[in-house]
Amino acid sequence: FHNLYPKIEIQIHTNITYELMQKLRDGLIDLIILNLPYDTPNDIEIKKVKDIQDCFIVNQKYIDLTKRVLSLNELNNYPLILQSSGSNTRKFIDDFCMKNNVILKSNMNLASYSLVVEFTKIGFGIGYATEEYIKNDLKDKKLYKLNIKPKIPPRGIGIAYSKRNLPNFSTKKLIEIILNEK
């Protein structure tokens, strides 16, 4: 984007999706890149960009867990590191677990996705992350995926923008670039 439009400034804000959605609705930000599914308000348009796959992860300290299949309920026997309630990622895993009659009891509830990954790398417990975001850590054996049954379904990443506040030229171009690079 910056190669094509070097004079357009981009500001990035991070927060839980609900709070970003309110800023989008108020016209304070132009778009949101968010995890799906998300209950879409009538005045917001969401376009799916790509599928992603979440997984439970550990560091070397818990490597023995990678050698067997774990049930969702068995995860509660270990320290769990999850994003805080209210995040879209946390809602997704909580909903999936509830459908399977399990309630995860996390030991750490962290506000940021990156903190979940870092605390897992340090060895504080089992983390929950998106495979595509940690592929280098998996390849470099800093983290290891657990085999969980039932398998966590894929979900998506999307772009949200307001139907009321029409996107400006730069926002439209950025959306076009993202949607064309699926």
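How far is the sulfur of Cys55 from the closest cysteine sulfur, and in which residue does that sulfur lie? The sulfur of Cys55 is 14 Å from that of Cys97, its closest cysteine sulfur, which is too far for a bond.

This is a predicted model, in which local features need pLDDT of at least 70 and side-chain atom pairs count only at pLDDT 80 or more, while totals for chains, interfaces and linings use all residues. Residues are numbered from 1 along each chain as its sequence is written, and side-chain values use heavy atoms, with hydrogens and water left out.

**Cysteines**
- The count of disulfides (pairs of cysteine sulfur atoms within 2.5 Å) comes to 0.
- Cys97 is in no disulfide.
- Cys55 is buried (under 20% relative accessible area; exposed is over 50%, partly exposed in between; 1.4 Å probe, protein chains only), with a relative accessible area of 5%.
- Cys97 is also buried, with a relative accessible area of 1%.

**Sheet**
- Five strands form an open sheet of mixed pairing, in the order β6-β5-β7-β3-β8. Strands are DSSP runs of E of at least two residues, helices runs of H or I of at least four, both numbered from the N terminus; two strands pair if DSSP finds at least two bridges between them.
- At the edges are β6 (108-110) and β8 (144-145), each of which pairs on one side only.
- Strands β3 (residues 54-58) and β7 (residues 126-130) are antiparallel, paired over 4 bridges.
- Asp54 has Thr130 in β7 as its bridge partner.
- Helix α3 (residues 113-122) packs on the sheet and touches β3, β5 (80-83), β6 and β7 (contact: heavy atoms within 4.5 Å).
- The direction of α3 makes about 135° with that of β7; axes are lines fitted to C-alpha atoms, for helices over the stretch in contact, with angles from 0 to 180 degrees between N-to-C directions.

**Nonpolar cores**
- The largest nonpolar core has 22 residues, of which Phe56, Leu72, Leu75, Ile93, Leu104, Ile126 and Leu146 touch the most other members. Such a core is a set of buried Ala, Val, Leu, Ile, Met, Phe, Trp, Tyr and Cys residues joined through side-chain atoms within 4.5 Å.
- At least two residues of this core come from each of β3, β5, α2 (88-99) and β7.
- Helix α2 supplies the largest share, 4 residues.
- Apart from this core lies another, of 11 residues, including Leu20, Met21, Ile32 and Ala160.
- Leu72 has contacts that include Phe56, Phe96, Cys97 and Leu104, not counting residues up to four places away in sequence.

**Thr17**
- Thr17 lies in helix α1 (residues 17-25) and counts as buried because its relative accessibility is 12%.
- Leu34, Tyr38 and Asn88 are touched by Thr17, not counting residues up to four places away in sequence.
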